[in-house]
Amino acid sequence: MLVYAAMTGYVVAMVAFAISLSKSRRIETLQETAARVSAVSPAARQGGTATLADASVSTALSDGDVLGSGRRSGNIGMSVTWLATLLLGAAIICRGLSASRLPWGNMYEFSLAAGFSIAFAYCVLSLKRDLRWLGLFIVVPVLLDLGIAATILYTDSAELVPALQSYWLAIHVTAATVCVGAFTVGAALSALYLVAERAEAKVIAGEEPGRIAFLANRLPTADRLDLMAYRIHAFMFPIWTFAVISGAIWAEAAWGRYWGWDPKETWAFITWVIYAAYLHARVTVGWRGRKAAYIALAGISAILINYFVVNILIPGLHSYSGVK
Amino acid sequence: MFGITAWLRWFWRQLTSMRIALFLLFLLALASVPGSIFPQRGTAPARVSQYLREHPKSGPILDRLHLFDVFASPWFAAIYLLLFISLAGCVIPRAFEYWRELRSEPPTAPRNLSRLGVYESWRTTTSASDALAKTAVNWEAKGWRVKVGDTYVSAEKGYAREFGNLVFHLALLGLLVAVGAGSSYGFRGTVIVREGTGFANNVTQYDSFTPGRSYSATSLPPFSFSLTDFHAKYQSGGMQSGAAREFHADVLVKANPEAREVKFRIKVNEPLRVAGVTVYLVGHGYSPEFTVRDSKGKIVWQDAAIFLPQDANFTSNGVVKAPDSVPQLGFQGYFLPTVTSDFSQGPRSIFPAPDDPQVFLSAWSGDLGLDSGLPQSVYQLDTQKMKRIGIEELSPGEKWKLPRGQGVIEFTGFKQWAAFSLARDPGKGWALGFAIFAIAGLTMSLLIPRRRVWLRVAEHAEGGILCEVGGLAKTQAPGLPAEVTRLSLIVKESAPEVLSD
């Protein structure tokens with residue numbers, strides 16, 4: 001089965017990325033970053049909209065921040081990830097062909113699509129810049145997702161329940177799935193930012209960074225990670241808004257009201273509010289760095305709850321899980 | 001007196017601050033969580049009653065805290081109202097500021113452009129005034145707002161970013177008003193219609209009717225429709241056996257009493273829209289038909305009884321009440337579209353389509369309790385004053401002669417019924433419009449970069465003119481260096497680089 005082939009590919013990629021990560025080093029060491037950041041006044045570091053310092057940050061660092069002797073294993077990891085993602089895409093297409101419809105009708109299919117969306121987002125982003133250091137943290141969630149899909153969520157390919165037989169499936173569910181993929185990448189970046197920021201903060205304060213230096217030394221600077229996370233979230237937030245609104249338009253045609261506080265609708269709203277808070281936090285003094293990253297992680301948690309808890313445990317109109 | 005004004009001003013400034021906006025956003029998200037966990041009266045009133053029955057101690061406490069009605073509760077309303085006041089209090093002044101900004105010029109160039117992060121400089125032999133004038137014209141042609149000083153040109157672009165931001169937030173306000181007004185001036189209702197019968201849009205014919213605060217039942221437009229056929233198709237076999245694959249209800253619609261009848265097929269994603277009301281297919285079930293005769297052989301009841309499905313295979317429960325016989329007769333039991341041969345868990349259906357229909361009834365005789373003055377559910381039999389006289393299993397066409405000649409019940413056949421939800425929401429078009437504006441504004445506010453670029457000319461140490469171009473971005477969007485390079489190239493068209501010899 002193509003899905004198992006894809007999973008095998010991801011396992012290989014995971015190992016390759018792990019090896020690559022252990023061998024690579026960030027260009028600007030923790031000490032250098034600490035020195036540079038300390039030179040900027042604390043007020044400018046803290047908040048508000050971009051200052052001159054930020055302008056210098058974004059230009060001083062090049063895109064290839066993390067280099068090192070792990071280049072070959074990193075390349076292997078990257079190529080295998082592309083291959084595995086293509087295999088997964090083929091699996092989804094086959095599933096769609098066998099059911100003569102878009103393969104987004106139950107949790108098994110949603111999970112495949114979400115896994116593909118995460119991996120595809122990563123692959124596309126890696127075309128513009130070197131993201132081999134991020135590979136491990138993308139491939140592991142994708143593997144977990146596919147594993148859960150194949151073991152617990154699996155169900156035969158069949159027709160859709162009548163409520164899903166609408167062209168809105170292509171619009172609303174596609175938008176939501178694409179967003180889930182991109183937000184997962186954003187969450188991975190935010191989590192890595194927390195690691196890097198903690199290491200840098202310790203060095204600035206003159207303490208020993210400790211064990212997290214092992215990871216922080218193999219990742220880009222905290223500023224860079226924060227910027228990447230912000231850009232993904234900012235770009236995808238309008239699309240998430242569109243996903244929620246297109247869901248409302250579909251609900252009006254199917255259920256008689258465009259918003260009924262169905263549990264899934266409620267959690268989509270909660271997710272939207274959390275990401276809105278993230279965007280607000282990034283322009284608020286005192287909320288920019290670590291706290292904003294926590295909000296981003298809260299957002300992805302809401303998405304996970306919306307997917308696993310609401311679909312399976314909470315009854316409502318959105319119960320298309322297909323899980324018995 | 002002075003203290004109060006100052007306090008109010010402080011309070012207002014806090015309310016419209018970003019920190020409070022963040023706090024209220026978190027609170028809004030948190031407050032929505034119980035609305036997804038506890039059953040809500042608006043969508044599942046039966047589950048609320050069940051919860052209250054199963055939790056006699058904690059249930060009423062939760063009820064008093066409005067946890068079964070979160071989204072209509074006063075504390076939830078307080079949160080979003082405060083949030084919107086904070087939003088309005090922040091956005092409206094910003095809108096005035098933006099208006100002022102639009103009418104003012106870009107700022108003077110900083111003295112030392114080289115301190116900006118993005119900077120280019122070169123030597124040229126063109127005259128300073130030439131370079132400045134031509135640059136101003138060329139930059140303006142590229143869409144920048146330009147101000148020319150004696151030794152500099154200032155350019156700014158991306159004003160639409162703030163415009164999008166304002167549009168987005170104001171559209172949210174509009175959305176809130178549209179949602180509130182729409183539900184206030186509309187209504188919702190449900191009705192179960194059996195095949196062969198119809199519905200006229202009158203408040204008495206609804207099974208449940210919930211008007212908005214400002215809607216009167218007398219405003220219901222006088223349309224009607226009759227259900228000619230309901231059809232459902234299920235998947236047979238495979239892991240998803242029994243899952244529904246297709247539903248449709250064929251109706252004949254009259255938009256008003258003088259109109260012609262029009263055929264329409266209502267499906268789950270294709271509602272009937274008539275006279276400003278939308279009619280949705282939301283459920284279906286079976287209604288077995290019975291003929292009940294009394295001990296003298298006279299027909300005392302002949303109709304299709306609506307049985308309500310209890311599970312995914314449409315094991316359905318229902319009752320038949322025949323008050324015209326003496327003594328009164330009542331029957332309660334199951335209709336099973338495809339009966340199972342295994343009765344260890346009681347009568348059950350194993351497939352939702354009527355492949356092997358059976359009816360299981362228990363018969364009761366006595367006093368139905370209909371004259372007591374208390375309302376009764378049409379789906380439940382009050383057996384307090386009745387005695388059970390027998391149970392029987394019937395196939396379509398079979399008769400059951402009740403013991404001691406008390407009567408006969410015949411299972412003559414079955415029809416299907418469809419449940420419809422009717423709704424009118426005059427605000428939904430507005431809500432959609434505001435939502436579209438919101439997305440457009442949001443996209444503009446996040447993607448359009450706001451930038452300032454300056455050109456300074458000064459005397460070059462080796463003769464000629466030193467041109468300096470520097471840029472600053474209000475946000476962290478990528479592309480500032482590329483933009484500055486592009487603008488420098490435009491300057492170089494009229495003030496080309498001349499290396500010193």
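The structure is a predicted model, in which local features need pLDDT of at least 70 and side-chain atom pairs count only at pLDDT 80 or more, while totals for chains, interfaces and linings use all residues. Residues are numbered from 1 along each chain as its sequence is written, and chains are lettered from A and ligands numbered from 1 in the order in which they are written.

B:Ser208 belongs to strand β6 of chain B, residues 208-211 (helices, H or I with at least four residues, and strands, E with at least two, are DSSP runs numbered from the N terminus). Leaving aside residues up to four places away in sequence, B:Ser208 touches B:Gly189 and B:Thr190 (contact requires C-beta atoms, placed from the backbone, within 7 Å).

What is the strand order of the open sheet of five strands in chain B? The order is β13-β14-β15-β16-β17, and the pairing is antiparallel. Strands β13 (308-309) and β17 (386-394) of chain B each have a single partner strand and stand at the edges, so one side of each has no neighbour in the sheet. The link from β13(B) to strand β14 of chain B (residues 316-322) consists of two bridges between antiparallel strands. In that pair, B:Leu308 lies opposite B:Asn317 of β14(B).

B:Phe314 is buried, because 25 other C-beta atoms lie within 10 Å. B:Ala275 is another non-glycine residue with a positive phi, here about 55°. The loop that contains B:Ala275 runs between β10 (272-274) and β11 (277-294) of chain B. B:Ala275 counts as partly exposed, because 15 C-beta neighbours are found inside 10 Å. Between B:Val326 and B:Pro327 the peptide bond is cis, with omega about -10°. B:Pro327 sits in the loop between β14 and β15 (328-336) of chain B.

At the level of domains, chain B is assigned domain 1 (2-100), domain 2 (109-158 + 449-494), domain 3 (184-284 + 421-435) and domain 4 (289-413), with bounds from an automatic or database domain assignment. The centres of domain 3 and domain 4 of chain B, taken over C-alpha atoms, are 29 Å apart. Four residues of domain 3 of chain B contact seven residues of domain 4 of chain B.

Chain A contains 12 helices and two strands. Of its 324 residues, 52% count as buried. Among contacts in chain A with a separation of 6 or more, 83% involve residues 24 or more positions apart. Helices α5 (residues 71-99) and α6 (residues 107-128) of chain A pack at an angle of about 145°, and their axes are 9 Å apart (axes are lines fitted to C-alpha atoms over the stretch in contact, and angles between N-to-C directions run from 0 to 180 degrees). Residues that meet in this packing include A:Trp82 and A:Ile92 from α5(A), and A:Phe116 and A:Phe120 from α6(A).

Between the chains, 52 residues of chain A contact 51 residues of chain B. On the side of chain A that touches chain B, two or more residues come from each of α4 (52-60), α10 (222-255) and α11 (263-281) of chain A. The largest share of that side, 13 residues, belongs to α10(A).

Methods: Pairing = 2+ DSSP bridges. Contact = placed C-beta atoms within 7 Å. Buried ≥ 20, exposed ≤ 12 C-beta atoms within 10 Å, placed from the backbone.
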